[in-house]
Amino acid sequence: MMSCIEGFERFDSPGKGRGLRITRSFKVGELLFSSPAYSYVLSVKERGCYCEFCFTRKEHLARCGKCKKAFYCNVKCQKGDWPMHKLECSAMTAFGENWCPSETSRLVARILARKKTQKQRCVSEKILLIEELQSHVEDVDNEKREMNEADIAGLHRFYSKHLEFPDHKDLLTLFSQVACNGFTIEDDELSHMGTAIYPDVALINHSCLPSVIVTYNGTSAEVRAVQDMKPGDEVLISYIDLLYPTDDRNNRLRESYYFTCDCQECKSRSKDKAKLKVRKQSDPIEPEVVNNMVRYARKTIREFRALRHMKTPSELMEMCEQSLEEMGAVFDDSNVYMLHMMYQAMGVCLYMEDIDGAVRYGEKILKPYSKLYPPYSLNVSSMYLKLGRLYMGLGRRSMGISAFKKAMVIMEVAHGKDHYYLTELHKEMAQK
Ligand SMILES: [Zn+2]
Ligand SMILES: [Zn+2]
Ligand SMILES: [Zn+2]
């Protein structure tokens with residue numbers, strides 16, 4: 001069973017299983033294809049900021065009269081969303097404060113509802129069917145299995161009124177499929193807005209030197225070239241944050257996606273030295289000292305991630321500052337582990353509304369970011385945007401405009417010139 005989107009074909013990629021390749025050329029910034037979501041869900045914390053149905057960001061959205069928790073552009077969007085929203089509407093009222101399914105459970109409930117109602121194949125499954133998504137269910141470790149079990153319990157608890165569930169084994173497979181193939185929908189500053197399944201995009205394999213980038217327009221995913229591509233080239237996206245050195249990237253890929261990357265960058269490790277840059281000193285630093293500090297940095301990053309939601313902002317800030325001081329004895333300011341903790345510190349500053357602090361960290365991060373990430377990176381454009389918006393807020397207009405312009409160069413390629421993020425940005429720049 002095989003169908004095509006024009007200009008593409010599914011093929012067996014050597015060493016990777018199935019993949020997607022192009023049958024005509026594409027230039028940098030050109031749209032390869034746009035894919036509607038098979039299923040999607042807006043994050044609970046974004047309710048009221050975006051329409052639950054079309055993900056439009058605007059003020060004065062209309063509220064669902066029953067649960068008063070879902071928000072819409074208008075009656076049309078509310079009606080459109082009802083087949084999915086009804087899974088949650090009365091349950092949210094009934095459970096009140098105790099309604100707390102994970103975002104993954106919420107998405108899986110929608111997938112099950114969609115599977116049940118849909119006799120015909122979804123238009124978004126042009127080349128890959130939802131049942132064909134990889135699950136790696138046999139590779140799942142205990143920690144992930146426990147998480148899946150908790151998610152399944154949540155599904156039974158909060159959704160049993162409207163859904164009939166497949167047996168436990170099939171549910172475990174479905175949760176594993178969502179873990180491997182789910183996409184996080186992010187806004188222009190890379191804030192998490194929701195989660196979705198795009199079967200066509202899920203077919204694209206990983207590379208640390210990606211040829212395309214995925215951005216979101218409403219609830220659709222758009223895939224654009226970030227390199228000139230010729231017929232026969234495989235379409236490759238990055239599954240992970242590309243800031244980190246080769247070993248860290250591959251640890252992450254093995255943990256989350258169960259493979260090791262063998263792209264050109266993983267073979268040559270050409271950027272690893274710059275990514276692990278050591279402070280210049282009169283006596284060179286011993287390799288053992290550097291290795292110990294790398295271990296310390298990885299441990300700190302893990303701890304910070306685990307404690308992020310449990311500590312107060314000032315405790316988190318202390319963790320950032322302490323680790324930066326410790327690492328700073330060995331690592332250069334442009335070392336990726338330093339950048340990682342500065343990025344966290346910037347986030348804490350923003351949360352505490354310490355704008356000057358956030359700007360200070362942002363300015364330190366930007367230059368090495370532009371050097372260490374690939375030429376068109378959303379991590380870089382989002383950092384320019386954040387900083388630009390902070391400058392504008394502080395009345396430093398020319399600095400703001402200059403940061404916005406740098407973000408736009410990347411966004412015009414990644415999002416396309418007509419994307420509403422760019423329209424919004426033009427408006428922000430015109431404001432006095
Ligand atoms: Zn809407
Ligand atoms: Zn409702
Ligand atoms: Zn790689």
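In the predicted model, helix α1, spanning residues 75-95, packs against helix α2, spanning residues 103-117, with the two axes 10 Å apart and an angle of about 130 degrees between them. Angles over 145 degrees count as roughly antiparallel and those from 65 to 115 as roughly perpendicular, with the rest oblique; α1 and α2 are therefore oblique to each other. The crossing in which α1 passes α2 is right-handed. On the α1 side, the contact is formed by Pro83, Met84 and Leu87, and on the α2 side by Ala109, Arg110, Ala113 and Thr117. By residue class, this contact comprises five nonpolar residues, one polar residue and one charged residue.

The protein as a whole contains 15 helices and twelve strands. Its radius of gyration is 23 Å, close to the value of 22 Å that the globule rule gives for 432 residues, so the protein is as compact as a globular protein of that length. Along the principal axes, the C-alpha atoms fill a box of roughly 70 × 50 × 45 Å.

Burial and contact order were also computed. Of the 432 residues in the protein, 36% are buried, a residue being counted as buried if 20 or more other C-beta atoms lie within 10 Å of its own. When contacts between residues at least 6 apart in sequence are considered, 65% of them join residues at least 24 apart.

How values were computed. Residues are numbered from 1 along each chain as its sequence is written. Chains are lettered from A and ligands numbered from 1 in the order in which they are written. This is a predicted model: local features need pLDDT of at least 70, side-chain atom pairs count only at pLDDT 80 or more; totals for chains, interfaces and linings use all residues. Helices (H or I, at least four residues) and strands (E, at least two) are DSSP runs, numbered from the N terminus. The radius of gyration is taken over C-alpha atoms; the globule rule is 2.2 Å times the number of residues to the power 0.38. A residue is buried if 20 or more other C-beta atoms lie within 10 Å of its own, exposed if 12 or fewer, and partly exposed in between; C-beta atoms are placed from the backbone. Two residues are in contact if their C-beta atoms, placed from the backbone, lie within 7 Å. Axes are lines fitted to C-alpha atoms, for helices over the stretch in contact, and angles run from 0 to 180 degrees between N-to-C directions. Angles under 35 degrees count as roughly parallel, over 145 as roughly antiparallel, 65 to 115 as roughly perpendicular and the rest as oblique. A crossing is left-handed if the near helix is turned anticlockwise from the far one by less than a right angle, and right-handed if clockwise. Ala, Val, Leu, Ile, Met, Phe, Trp, Tyr, Cys and Pro count as nonpolar, Asp, Glu, Lys and Arg as charged, and the others, Gly among them, as polar.
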